[in-house]
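Here's a quick briefing to read alongside the model. Have a look at the fold first, then come back for the details.

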Amino acid sequence: MERRGAFDYILLETSGLADPGNIAPLFWVDEGLGSSIYLDGIVTLVDAKNILTSLNEAPFDETHSAVVHERQWGPLPTTAHLQISHADVIILNKSDTISTDQTGELLERIHSINSLATVHITEYSRLPYLEGAVLDLHAYDGVESLETSCSSAAHIDPSISTISIVLNSLSLRKVHSLETWLRKVLWESKLIYPNGTYADLSDLVSIHRLKGRIILESGQEKMVQGVREVFEITDMADAWIQNHGTEDAGIVPRNGKLVFIGRGLTGQPWGESLQYFLDQSGVK
């Protein structure tokens, strides 16, 4: 690594038991540090024949009893849940070993865990191309569609779910308030209720992935990217907007959106909490 420029790409292959959420933040380097290494994306390879067994197995937890987790968090997620929930791209391999109906059911289960990831269905891990599928993903350079199927996801797989919050256009002042709200949720595990009190989420919620698009009152766009407690709000690059922007080129969407993927997300007033916090930012 001391030989700057000697590598075109670094592909880090982890073991089948690795938690991507512990590894990804290590490569999330601030641009101000001048590093030539950046996180391009997380790819999860899924064995179509055996994945349901992995998702349905009883996970081993050394520190907490299953009874406590079932009461406070819902079912414990397995390693397979963690690897799918953090993924930007999922390769569903060995599709030739299951039927068409089984493939449909499996895709529904995967989307219930992570409805934002791109899924490629393969045999023998063969992809027609690598660039844009596995390499050069630029998954953290912008945000594409944030459409999710949040309403039914928790009923399909209660271990991990997806929620979304619609955002009206924001002033720069409220963008700073949004950042403060995210710090409280992700760093302090606190959620403010509309009555002004805070709830401790440390034993209730675990957020694995965060994506969002913010529309400013000026019409400019910002994006939100996060893995576990690490997140950032940055300007959306003009070049990225031109290549991956709205369905109707040149039309700026009226509303933004935040999408959270994680555990224990259902049943909390996320939207009401954020709106209350944003409203309070306008009170002197």
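This is a predicted model: local features need pLDDT of at least 70, side-chain atom pairs count only at pLDDT 80 or more; totals for chains, interfaces and linings use all residues.

Residues are numbered from 1 along each chain as its sequence is written, and side-chain values use heavy atoms, with hydrogens and water left out.

**Helix α9**
- Those buried residues are Trp 270, Ser 273, Leu 274, Phe 277, Leu 278 and Ser 281.
- Seen down the axis of α9, they fall within an arc of 130° (taken from the directions from the helix axis to the C-beta atoms), so they line one face of the helix.
- Helix α9 (residues 270–281) lies across β4, β7 and β10 (256–263), with contact meaning heavy atoms within 4.5 Å.

**The five-stranded sheet**
- This open sheet runs β4-β10-β7-β8-β9 with antiparallel pairing; strands count as paired if DSSP finds at least two bridges between them.
- At the edges sit β4 (161–167) and β9 (230–235), each pairing on one side only.
- Strands β7 (residues 206–215) and β8 (residues 221–227) share seven bridges, and Lys 211 has Gln 225 as its bridge partner in β8.

**The parallel pair**
- Strand β2 (residues 89–93) pairs with β3 (residues 118–121) in the parallel sense over four bridges.
- Ile 90 has Val 119 as its bridge partner in β3.

Key
Helices (H or I, at least four residues) and strands (E, at least two) are DSSP runs, numbered from the N terminus. Axes are lines fitted to C-alpha atoms, for helices over the stretch in contact, and angles run from 0 to 180 degrees between N-to-C directions. Buried means under 20% relative accessible area, exposed over 50%, partly exposed in between (1.4 Å probe, protein chains only).
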